[in-house]
Amino acid sequence: MNKLIVFQSDFGLVDGAVSAMHGVANVVDDTLKIFDLTHDIPQYSIWDASYRLYQTTEYWPEGTVFVSVVDPGVGSSRLSVVARTVNNHYIVTPDNGTLTHLKKYVGLKEVREIDESKHRREDTEYSYTFHGRDVYANTGAKLASETISFEQVGRQVPLEDVQELEVGEVVRTEETVKGTIDILDVRFGSLWTNIPRDAFVETGFKHGDSVEVMIRNGNKMAYNNRIVYGRSFADVYPSEQVIYVNSVYNMAIAINQGNFARAYNIGTGRHWEVEFRKIK
Amino acid sequence: MNKLIVFQSDFGLVDGAVSAMHGVANVVDDTLKIFDLTHDIPQYSIWDASYRLYQTTEYWPEGTVFVSVVDPGVGSSRLSVVARTVNNHYIVTPDNGTLTHLKKYVGLKEVREIDESKHRREDTEYSYTFHGRDVYANTGAKLASETISFEQVGRQVPLEDVQELEVGEVVRTEETVKGTIDILDVRFGSLWTNIPRDAFVETGFKHGDSVEVMIRNGNKMAYNNRIVYGRSFADVYPSEQVIYVNSVYNMAIAINQGNFARAYNIGTGRHWEVEFRKIK
Amino acid sequence: MNKLIVFQSDFGLVDGAVSAMHGVANVVDDTLKIFDLTHDIPQYSIWDASYRLYQTTEYWPEGTVFVSVVDPGVGSSRLSVVARTVNNHYIVTPDNGTLTHLKKYVGLKEVREIDESKHRREDTEYSYTFHGRDVYANTGAKLASETISFEQVGRQVPLEDVQELEVGEVVRTEETVKGTIDILDVRFGSLWTNIPRDAFVETGFKHGDSVEVMIRNGNKMAYNNRIVYGRSFADVYPSEQVIYVNSVYNMAIAINQGNFARAYNIGTGRHWEVEFRKIK
């Protein structure tokens with residue numbers, strides 16, 4: 001282990017919750033190197049938590065421990081687990097779907113249930129609402145500091161039992177490739193689809209092509225126009241639209257120095273479909 | 001000392017003020033372990049600063065130095081002090097009420113006035129508006145790095161002279177327990193009262209009980225309904241209301257996966273009274 | 001080098017972009033001491049990025065490496081550079097004007113172009129939109145960790161070729177001193193002008209003086225009234241206006257415990273002129 005521990009939650013940074021987790025980690029081992037992924041996951045959005053882990057973990061060294069606490073079911077019977085990915089990142093989290101993207105697109109090697117009788121902070125028996133501090137931060141810090149081994153976390157959980165949210169399908173034909181809008185590049189309003197660059201390129205699109213784009217919200221057409229496929233924003237004028245490969249190698253749509261999502265009221269989720277079609 | 005230093009302010013994170021404080025601390029000793037509690041204390045809200053320290057310090061190791069700068073009186077005659085709590089946490093702060101909750105609910109062991117002739121950064125004689133950087137960050141870093149001892153901070157201040165804000169009373173009868181709404185769990189809209197779990201339990205409430213709740217804003221009734229006392233959110237359906245014990249062991253009120261404060265326009269402060277009453 | 005690296009961007013903290021940069025730096029050297037200046041630079045605002053560096057770098061130890069990524073021209077022909085200031089701070093950034101204030105008010109000693117053939121992360125050839133992660137974080141971490149020397153960054157860039165944004169002039173007469181509003185102290189709504197304390201004092205203003213203040217937005221008068229020149233906010237009543245010396249020793253205007261910018265709809269930029277005039 002490299003003593004790196006990275007926290008994520010939907011707690012925000014306006015009160016003391018995140019700092020309490022940092023403190024607990026420092027009590028376990030004050031030589032840990034503590035980072036934050038984000039604490040601005042939309043409240044209760046397990047999907048976003050899952051996606052942000054998928055977007056981020058691969059850039060961190062092997063052995064890094066991630067603690068992700070988006071936990072609408074705190075106090076319920078959902079399991080508390082630590083997952084080890086095929087790249088040897090560890091994720092400490094409630095098993096409520098937060099592992100969806102890592103399981104599907106990266107791969108999990110082994111998952112263990114946190115034995116709360118051993119890894120819950122002492123004297124917390126009257127507090128049932130802050131497992132982030134009392135269970136997850138504490139267990140993550142013990143693991144990152146090698147106070148415990150991965151095996152000592154608790155019993156193994158069969159990989160097929162790990163909870164998954166449904167993800168959108170990618171469908172390719174001769175003339176089109178279709179998918180869904182997974183998430184936004186929030187601050188810039190770019191749409192991040194679930195369509196991999198490879199599927200897009202195999203459909204036959206090339207840099208400089210003008211592509212017909214249809215975005216549907218359920219049955220309703222939300223957008224339909226032609227957009228150029230650029231190498232980057234610099235291939236189009238400011239305020240011009242562009243299709244590009246985002247930083248996780250999926251297809252994305254933006255307005256250069258504008259905000260596509262806000263311009264057309266585009267949202268995210270499996271009912272937000274995007275289709276790229278060749279122009280004849 | 002453990003070289004841990006934790007910053008709090010109402011500066012926000014949108015400009016360079018917090019980073020200037022981090023820089024000053026690194027100039028004193030670049031092996032300090034620097035953290036942030038929050039910098040989103042509402043502007044000038046000494047009350048919130050005091051509460052967030054109370055909510056957080058106990059989860060940090062002994063010897064941790066907290067630097068809290070919410071300082072509407074910067075440049076006035078208010079003292080600059082370092083307080084040592086009974087748990088050996090150090091708080092570097094203007095003495096303007098920021099120590100209220102720690103003094104009342106945790107306990108202060110000793111308070112010293114910062115000798116600015118010794119601990120103010122050099123060459124800052126024309127800047128009277130950023131004591132956070134020039135006095136508090138600098139003194140906190142010198143203390144956390146053991147460049148100076150606690151005694152070298154400056155002269156002792158009698159504990160009874162430490163400024164305190166007024167806090168709400170908790171009143172218990174046979175049938176009721178009454179208090180005030182201290183603060184919100186901001187992102188989730190839960191109401192955190194000043195009523196300790198012990199006072200609530202001693203009044204006779206048990207998990208699963210339906211409790212009559214009255215919330216008054218001064219003379220005006222803001223809310224009056226029955227809410228179940230649950231062990232955690234998972235005891236009620238999403239969108240259902242619940243009374244629970246929060247992470248500092250006081251009574252709190254929430255809507256599971258909703259926002260109680262926003263739903264009923266509830267605020268915080270001593271004029272926001274909450275009463276729990278037994279149903280016969 | 002002291003292993004300190006400080007990140008700044010317009011990415012916000014709501015998704016995984018900043019954490020990916022932190023991860024890349026840790027892959028290079030997990031003993032780096034990683035900080036954030038701010039990630040809330042307004043989108044694409046090179047001016048703000050330049051100003052925040054100017055406001056902050058001097059408080060950090062010599063040898064600190066700053067990575068600033070506000071990059072509307074990502075993928076264009078703008079250079080990627082590392083600048084060394086006369087105070088031996090290093091700034092890793094696109095050369096798009098981000099170095100304006102440091103070049104003008106602090107001084108650059110030497111600038112080098114990043115040789116992307118050597119310092120770009122491997123296997124990032126399909127991603128053209130995240131140079132912050134793939135080029136800047138990686139190069140900054142290599143420099144801060146002494147994996148490479150400053151000379152190994154790449155070829156020298158003539159200082160006169162370094163891009164600069166236009167900055168407002170300061171004009172002094174017998175009776176007045178005029179300048180522009182550079183930026184806001186965002187959270188408190190104070191106006192930070194480009195007028196140095198020295199120019200103001202040399203015009204003859206003294207603490208306690210009542211000063212005529214005119215603020216123009218182009219041709220339009222936005223504000224015209226008398227304000228006292230105070231040593232700090234504590235020299236005036238709450239809700240009273242005050243002229244003061246800000247933390248970078250320029251003249252600033254505030255409402256004590258209020259928000260001047262919001263009260264009078266004041267903005268920033270070279271077309272926002274401010275004039276201080278003696279009252280006879």
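How many salt bridges does the rule find across the interface of chain A and chain C? It finds 2, a salt bridge being a side-chain nitrogen of Lys or Arg within 4 Å of a carboxyl oxygen of Asp or Glu.

## Basis of the model

This is a predicted model, in which local features need pLDDT of at least 70 and side-chain atom pairs count only at pLDDT 80 or more, while totals for chains, interfaces and linings use all residues. Residues are numbered from 1 along each chain as its sequence is written, chains are lettered from A and ligands numbered from 1 in the order in which they are written, and side-chain values use heavy atoms, without hydrogens and water.

## Relation of the copies

Chain A is superposed on chain C by a rotation of 120 degrees with 0.0 Å of shift along its axis, at an RMSD of 0.0 Å (least squares on the C-alpha atoms of residues with pLDDT of at least 70 in both copies). The two copies are therefore related as by a three-fold rotation axis. Within chain A, the residue that comes closest to the rotation axis is A:Lys33, with its C-alpha at 5.1 Å. The copies use different surfaces, as 3% of the contact residues of chain A recur in chain C.

## Interface of chain A and chain C

Chain A contributes 32 residues to the contact and chain C contributes 37 residues, where contact means heavy atoms within 4.5 Å. About 2900 Å² is buried between these chains, and carbon and sulfur atoms give 56% of this area (accessible area, 1.4 Å probe, that two parts lose on being put together, summed over both). On the chain A side, A:Tyr59, A:Arg187 and A:Phe188 lose the most area to chain C, together 25% of what that side buries. A:Arg187 also forms a salt bridge with C:Asp40, with the closest N and O atoms 3.8 Å apart.

## Interface of chain B and chain A

This contact takes 32 residues from chain B and 37 residues from chain A. The buried area is about 2900 Å², 56% of it from carbon and sulfur atoms. A:Asp30 forms a salt bridge with B:Lys33, at 3.6 Å between the closest N and O atoms.

## Largest pocket

The largest pocket has a volume of about 1000 Å³. Its lining has 43 residues, of which A:Ile34, A:Phe35, B:Ile34, B:Phe35 and C:Ile34 lie nearest the centre of the pocket. By class, the lining divides into 19 nonpolar, 13 polar and 11 charged residues.

On a 1 Å grid over the protein atoms alone, a pocket is an open set of points where a 1.4 Å probe fits, with protein on both sides within 12 Å along at least five of seven lines; lining residues have an atom within 4 Å of a point. The volume is the space filled by probe spheres set on the points, which are joined across faces, edges and corners.

## Salt bridges overall

Over all chains, a search of the whole structure finds 48 salt bridges. One of them joins the side chains of A:Glu202 and A:Arg172, at 3.7 Å from N to O.

Definitions and conventions. Ala, Val, Leu, Ile, Met, Phe, Trp, Tyr, Cys and Pro count as nonpolar, Asp, Glu, Lys and Arg as charged, and the others, Gly among them, as polar.
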